[in-house]
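I opened the model today to look up a few local features. My notes follow in the order I took them.

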Amino acid sequence: MCVKWVCLVLALAALPSTAQQSCTDMQLHIEELSDTLASYRPQSTAQASYRLRITPRQHQECEFQLSLHSQQQFRLHGDKARLSYDVHNDQGQALAMPMHVRGAQSTIINLKLRRQQSAPAGFYEDTLLITGHFQGQLITQANVVVDTHLPQRFSLTWLGHNARQASVNLGELRSNKEYHHLPSLQVRSNTDLRLLMRSQNQGYLLHDTQKPAWRIGYSLAVAGRWYDLQHVRQLPIAAQQSTQLLPLAIRLQDFERQVAGRYSDIIYFRVEPREL
């Protein structure tokens, strides 16, 4: 199997004439400074990052050329997606220009995930190879595994409502009529979900007297698909980067000569990961 490596030059070294023989024993000290990759959210203005400090050891007089290579072409590889990242210095500047590193001078590398990427929950990984050259000769190298686990994140809310419940008045009830002025559900998720729907009265609007004979059956539409609610129903929802809106509607069944009064039901909605 051929593994492609992409190289980004981080440091360009010159040759100090007084240290030609001893500089080839240089070693690299690599220190992790911070890791916020697991906090990545595509819409967030705060960039998730991974910061490293690379310090050559033992030779104060030598100048080296440091190079950074990525096994996954500067992307964190996951089962369902790849997250691209950019390489910056500690001042936020892209490391596209060569840099000289002398002796024990430290170089800080900041790997920043790009915004607006689809990021399903799961494990992501890349391997960095850091090499040090002196006078064109490879004198040291080190591997750094960069990995993170993005946790499952999901929410279910009402569009335009801050409360966890919403009420709707259907007005006058008419046989076989459809009502579309219900609020919409909105789902945010980085993992595949199932939406569970349950009717307190098993799919009936029940009269305030609670008499079983005085009830009106109905169906519920979620995002254009109709369900009867005699039992708990499930609707699969795929993970998406953006918010998903699920419009609701109700269609009454055929009925005649129902007693006047107030009819009602409570519908419960819940989301949970499809892979538990």
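**Positive phi**

I began with N176, which is partly exposed at a relative accessible area of 47%. My cut-offs: buried is under 20% relative accessible area, exposed is over 50%, and partly exposed lies in between, with a 1.4 Å probe and protein chains only. This is a predicted model, so local features need pLDDT of at least 70 and side-chain atom pairs count only at pLDDT 80 or more, while totals for chains, interfaces and linings use all residues. Residues are numbered from 1 along each chain as its sequence is written, and side-chain values use heavy atoms, with hydrogens and water left out.

N176 sits in the loop between β11 and β12 (178-179). I read a positive phi of about 65° there, although N176 is not a glycine. Most residues other than glycine have a negative phi. I then found Q210, another non-glycine residue with a positive phi, near 65°. Q210 belongs to the loop between β15 and β16.

**The chain as a whole**

I counted 0 helices and 22 strands. Both are DSSP runs numbered from the N terminus: helices are H or I with at least four residues, strands are E with at least two. The chain has 276 residues, and 42% of them are buried. Next I took contacts, meaning heavy atoms within 4.5 Å. Among those between residues at least 6 apart in sequence, 78% join residues at least 24 apart.

**Aromatic rings**

How many aromatic pairs does the structure hold? I found 3. Rings of Phe, Tyr and Trp (its six-membered ring) pair if their centres lie within 6.5 Å; planes under 30 degrees apart are stacked, over 60 edge-to-face, and the rest tilted. I looked up F74 and Y85. Their ring centres are 5.9 Å apart and their planes stand at 80°, so I logged the pair as edge-to-face. The two residues are 11 apart and link distant parts of the chain: F74 is in the loop between β4 (63-70) and β5 (75-78), Y85 in strand β6 (residues 82-88). F74 is buried at 13% relative accessible area. Y85 is buried too, at 4%.

I also checked for charges over rings. The test is NZ of Lys or CZ of Arg within 6 Å of the ring centre and within 35 degrees of the ring normal. R215 lies over the face of Y204, 3.9 Å from the ring centre. R251 lies over the face of W226, at 4.0 Å from the ring centre.

**Pockets**

I worked on a 1 Å grid over the protein atoms alone; a pocket is an open set of points where a 1.4 Å probe fits, with protein on both sides within 12 Å along at least five of seven lines, and lining residues have an atom within 4 Å of a point. Grid points are joined across faces, edges and corners, and a volume is the space filled by probe spheres set on the points.

The largest pocket holds about 1300 Å³ of space. It is lined by 43 residues, and A166, S167, D265, I266 and I267 are the closest to its centre. Elements giving two or more residues to this lining include β11 (154-158), β16 (215-222) and β22 (267-273). Which element gives the most? β22 does, with 5 residues. I sorted the lining into 26 nonpolar, 13 polar and 4 charged residues. Here Ala, Val, Leu, Ile, Met, Phe, Trp, Tyr, Cys and Pro count as nonpolar, Asp, Glu, Lys and Arg as charged, and the others, Gly among them, as polar.

The second largest pocket holds about 400 Å³. Of its 21 lining residues, P42, S189, N190, Q240 and Q241 are the closest to the centre. β19 gives the most to this lining, with 4 residues.

**Two single residues**

I looked up T191 in the loop between β13 and β14 (193-199). Is T191 buried or exposed? T191 counts as buried, at 10% relative accessibility. Leaving out neighbours within four places in sequence, T191 contacts A121, Q152, F154, I237 and A239.

R270 is in strand β22. R270 is partly exposed, at 47% relative accessible area. Not counting residues up to four places away in sequence, R270 touches L156, R194, L195 and L196. R270 and L156 are 114 residues apart along the chain, yet their C-alpha atoms are separated by 7.4 Å.
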